Amino acid sequence: MRKQVLSILLTAVMLLTMLTGCTDDASPSSQPASSASSEASSSSSPSSLVLPQISASPQIIGEDDGVRIIRLREESDQYYINVLYGALKVPELDAMIKDEVYRRVDRFEQHLASALSETSRNDTYLTIDYEQVRYNADIVTLVFESREKRLGQFIHDSFTLCMNTSTAQRMYLKDFVEFDEAKDYLIEQSAKAVKKRYPELDEGMVRDKIRSNLKDDSDFFVDETTLTLLFDVDLFGLSKYGDTVQVPIPRADIDAYLKEKREAVQSQESQPPQEPPTASSAAPTTPTPPAQTAKVVCLTFDDGPHPTNTPALLNLLEQYGAKATFFVVGSRVEQYGEIVGRAASQGHAVGNHTYSHQNLTKLSQEDKTAQVDRCARAIENACGIQPRLIRPPYGARLPGETSINGEEVTLWDIDPQDWKYRDAQQVAEHVLSRVQDGSIVLLHDLYATSVEAAGIILQELSAQGYRFITVEELRGI
């Protein structure tokens, strides 16, 4: 009797499933969703079969500025899914959007069984929402926020898709900006925005993370006037769930930067090759350098070279007959080697600041050596000089460490924190109030305000009888 009852129940379940399938097929909104539903179920793990199947089909629930709004919704006593995404009515693009969205749905489904077995009711969910940003009638960016909770952990994912509906192609940063040429500017603006949002973060670390992760296919959206870059905060070691830093950069500012950069390169190329200065020609007639017995000071500049600021600084130093020490980053030397060559030809010292501005105390010995050696090679390739000085980023060194890979460690006496206070007068006053014979001053030629501050310092200390020399001269090496 019991077997008969079970047989009847199984038959009833099968008939009900068939009837449900027929009803779904008749629904006007189920046709465009059938492939998405089968894709999601086919990628589910075998263990998910013990759960009620995710039977929801995506439905068109409206339209916004030519973009269809698609919703996938499924709720139970144990979990819920609420997904919204846009359809542009271009098959190639809609398939691309659907694939990006369903990758996250698939991931959620694959882990659903274990999540429900270990977490409490209503503690497992996936939500995806989006907004659209228009560049023009043809180009639109869908900006997504995916939030997931399972096994007591939150998973946040922001991603963007910029599409051209007229060409049926996805678009990237290079389609809106000269990416390789503008990358340094985008990095600096992004680092500034992240630091403003989270001032507790180390600026060097932030810049390094952005430099390593900012690529042509990074997340962004663009409108008529502004390019906005997106960075999830977990990139910087923060655990603020669901937080994304948006960095809006006016496109006019990017264009101005690129124009200034091109003009600087053209100006430099138009000048005749410069010969290394001789003893008789090293000092210009105005102003006249003080005698050899005068007080001396070392101006040092970290993190360069910069395509426009460093050449401007070299012009300024030449005007005063001053010599400085540049602690350069190897990756930037590879981009702007001609500027390093010019600095060396004018008699300035070029020191090692590692290849990618890494904290050497946090690296293995192998990685530490690689950072220093790679920068040294870049310097030698750029100007034919093997660096004799090294300034470890952040001044971070091992206790008692006086040299690294044979290069003498060089720190500083005066730090006006010009990277923090972008005020030329404030930076200059900080230096002038503390300088004394033999001081080593820390500045950064990445910032135009620091170059301006250097001009004030050069003028004032020259009037006080100071002579500007390199650290190598100061130490007699």
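Is Phe301 buried or exposed? Phe301 is buried, with a relative accessible area of 1%. Here buried means under 20% relative accessible area, exposed over 50%, and partly exposed in between, with a 1.4 Å probe and protein chains only.

## Basis of the description

The model is predicted: local features need pLDDT of at least 70, side-chain atom pairs count only at pLDDT 80 or more, and totals for chains, interfaces and linings use all residues. Residues are numbered from 1 along each chain as its sequence is written, and side-chain values use heavy atoms, with hydrogens and water left out.

Helices (H or I, at least four residues) and strands (E, at least two) are DSSP runs, numbered from the N terminus.

## The seven-stranded sheet

Seven strands make up an open sheet in the order E1-E2-E3-E4-E5-E6-E7, with mixed pairing. Two strands pair if DSSP finds at least two bridges between them. E1 and strand E7 (169–171) each have a single partner strand and stand at the edges, so one side of each is left without a neighbour in the sheet. On average, neighbouring strands of this sheet are turned by 25° against each other, direction ignored. This angle is taken between axes, which are lines fitted to C-alpha atoms, for helices over the stretch in contact; angles run from 0 to 180 degrees between N-to-C directions.

Strand E1 (residues 59–64) and strand E2 (residues 67–75) run antiparallel and are joined by five bridges. Gln59 has Arg71 in E2 as its bridge partner. The two strands form a hairpin with two residues between them, and Asp65 in the turn has a positive phi of about 50°. On to strand E3 (residues 80–87), E2 has eight bridges, again with an antiparallel run. Ile69 stands opposite Gly86 in E3, and a hairpin through four residues joins E2 to E3. Further along, strand E5 (residues 139–150) and strand E6 (residues 153–164) run antiparallel with twelve bridges. Thr141 has Cys162 in E6 as its bridge partner.

## Arg68 in strand E2

Arg68 is found in strand E2 and counts as partly exposed, at 34% relative accessibility. Contact means heavy atoms within 4.5 Å. Leaving aside neighbours within four places in sequence, Arg68 is in contact with Ile60, Gly62, Glu63, Tyr85, Gly86, Ala87, Lys89 and Tyr130.

## Aromatic pairs

The structure holds eight aromatic pairs. Rings of Phe, Tyr and Trp (its six-membered ring) pair if their centres lie within 6.5 Å; planes under 30 degrees apart count as stacked, over 60 as edge-to-face and the rest as tilted. Tyr135 and Phe176 form an edge-to-face pair, 5.2 Å centre to centre with 75° between the planes. Tyr135 lies in the loop between strand E4 (125–134) and E5, and Phe176 in the loop between E7 and helix H5 (179–197), so the pair ties together parts that are 41 residues apart in sequence. Phe176 counts as buried, at 14% relative accessibility.

The ring centres of Phe301 and Phe326 are 5.6 Å apart and their planes are at 25°, so this pair is stacked. Phe301 lies in strand E11 (residues 296–302) and Phe326 in strand E12 (residues 324–328), so the pair ties together parts that are 25 residues apart in sequence. Phe326 is buried, with a relative accessible area of 3%. Ring pairs also link Tyr130, Phe144 and Phe159 into a cluster.

## Helices H8 and H13

The axes of helix H8 (residues 309–319) and helix H13 (residues 448–463) come within 9 Å and cross at roughly 5°. H8 and H13 are therefore roughly parallel to each other; angles under 35 degrees count as roughly parallel, over 145 as roughly antiparallel, 65 to 115 as roughly perpendicular and the rest as oblique. Asn309, Ala312, Leu313, Leu316 and Leu317 in H8 meet Ala448, Val451, Ala454, Gly455 and Leu458 in H13.

The buried residues of H8 are Asn309, Thr310, Pro311, Leu313, Leu314, Leu316 and Leu317. Just after H8, Gly321 takes a positive phi of about 65°.
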